[in-house]
Amino acid sequence: MSTSNTSGLSKTDWLCLSFLSGIGPSRLSRLYTYLSQLDHHALMDDAESFPLFSNEELNDASSPETITYDLLIALKWPEITARQAMDYFATGMLTKEQETKRDESLAWLEEADHHLVLQEDEHYPTALKEISVAPAFLYVEGNRDALSLPKIGIVGARKCTRYGRDATFQFAEQLSARGICVVSGGAMGVDTAAHQGALYNKTTPTIAVMGTGLFHRYPHHNRKMFKEILEKGGALISEYPLSTSPRPHLFPPRNRIISGLSMGVLVSEASIKSGSLISASYAIQQNREVFALPGRLIDPQSEGCHQLLRQGATLVRHVDDILAECSELSCASITKIIKTAKSSTANKNSKKQPSENRNQTAESTPILVSNQVHALPESTSDSAKAVIVIMEQEAQPMDFDALIRQSKMDAGLMMQVLMELELYGCVENREGLYCRC
């Protein structure tokens, strides 16, 4: 692969460094920041231009023009990681596991719409470079041009209420209609509603920031949605190596990317302990706008939003409240950016669906057509009503076993209840998952 002008390292070098033991996005970011600053400043003449490091640490780095063991230690790399890095630079040496990851990644990058976007790449979002721990590079699957669109992040509870889901869907659909790219994390609940709202409008692509490697499209329930995001000109992005599997500690750091990409973050529903408040915290640190949707005073899933509002977040009632706080987004500038970003996928979309979007305009904002549900008939049994309450509280598809656990019903009664609800058209069985409809 080509050599990076900023760091002197190739994309393959950066890939290999990311596979070392004990490495992580923050350590790669520190190295990239150091090398970038080194490229733009005279280090020995102006040590103050390196705010990340003390003078003592800078002096320990024996040669500012090369990557040394001492330099990596000064950048807070673990000793084992620094030794592996120096072995790689000296001999190209990697472990068998690291070689496998390298070969898999290079093969993946040969495929269409698979990209490794370094900070110096023209497609790397400028706003993301401004955050304190900007990823050294991003894996991008899909349309890289979507990264240049004006963006708003939407986050919230995984176990959202129906109110939270419907409101999120509506805000995302209307933002997309205005030419704003919705950025979220691809998780169940609010994230899913945000992506679905953007996809429903079919006007502006949406971006999912994954907390896993792109070989693992997690959660599995959303695999169909991830595919649709790609088909409609959006992108899946991650800072983690492709084969990184789901682990709880990997998801919070990706929130800084959601907020870092965006002009502002909308928290549409969150409890007081919700991980979504991490995104709001990052947004504040990154000088981004924070928006919150008010909910019912007695609803625990709205307590986080109400706390944000007390702390100064902007209360939103409709999409214009968001756009009013982002006044730099004139309609003319949005239209120009949208046309540029869509040019690379226009032919692809016209072949797949030649007339589907022909009559779509930025003003066409149908309200929650896809989220309308069948009302329960008066004759519905109490057991069926109880199951519907559970499904609406969970706000996501549930399998048979999950319904039994939540309801405490036996299997025979649950089968009768689901059959009753299916006959009424209130529940659908989709590949073993029961959905409210």
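User: What makes up the open sheet here, and in which order do its strands run?

Analyst: The open sheet has nine strands, ordered S1-S2-S6-S5-S4-S3-S7-S8-S9, with mixed pairing. Strands (DSSP runs of E, at least two residues) are numbered from the N terminus, and so are helices (H or I, at least four residues). One caution: this is a predicted model, where local features need pLDDT of at least 70, side-chain atom pairs count only at pLDDT 80 or more, and totals for chains, interfaces and linings use all residues. Residues are numbered from 1 along each chain as its sequence is written, and side-chain values use heavy atoms, leaving out hydrogens and water.

User: Why are S1 and S9 called edge strands?

Analyst: Strand S1 (114-118) and strand S9 (314-315) each pair on one side only.

User: How do you know that S1 and S2 pair?

Analyst: Two strands pair if DSSP finds at least two bridges between them. S1 and strand S2 (residues 137-142) have five bridges, in the antiparallel sense, so they pass that cut-off. In S2, Glu141 stands opposite His114.

User: What lies across S1 and S2, and at what angle to S1?

Analyst: That's H6, running at about 110 degrees to S1. Such angles run from 0 to 180 degrees between N-to-C directions, using axes fitted to C-alpha atoms, for helices over the stretch in contact (heavy atoms within 4.5 Å). Helix H13 (residues 303-310) lies across strand S7 (264-269), strand S8 (289-292) and S9, at about 135 degrees to S7.

User: Why is the span of H5 called close to the expected one?

Analyst: The expected span is 1.5 Å times one less than the number of residues. Helix H5 (residues 79-91) has 13 residues and reaches 18 Å from first C-alpha to last, close to the 18 Å expected.

User: What makes us say that the buried residues of H5 line one face?

Analyst: Seen down the axis of H5, they fall within an arc of 165 degrees, so they line one face. The arc is that of the directions from the helix axis to the C-beta atoms. Thr81, Ala82, Gln84, Ala85 and Tyr88 are the buried ones, while Ala90 and Thr91, on the other side, are exposed. Their cover includes helix H1 (11-18), helix H4 (69-74) and helix H6 (96-109).

User: Why is Phe400 called partly exposed?

Analyst: Buried means under 20% relative accessible area, exposed over 50%, and partly exposed in between (1.4 Å probe, protein chains only). Phe400 has 21%, so it counts as partly exposed. Phe400 sits in helix H18 (residues 400-407).
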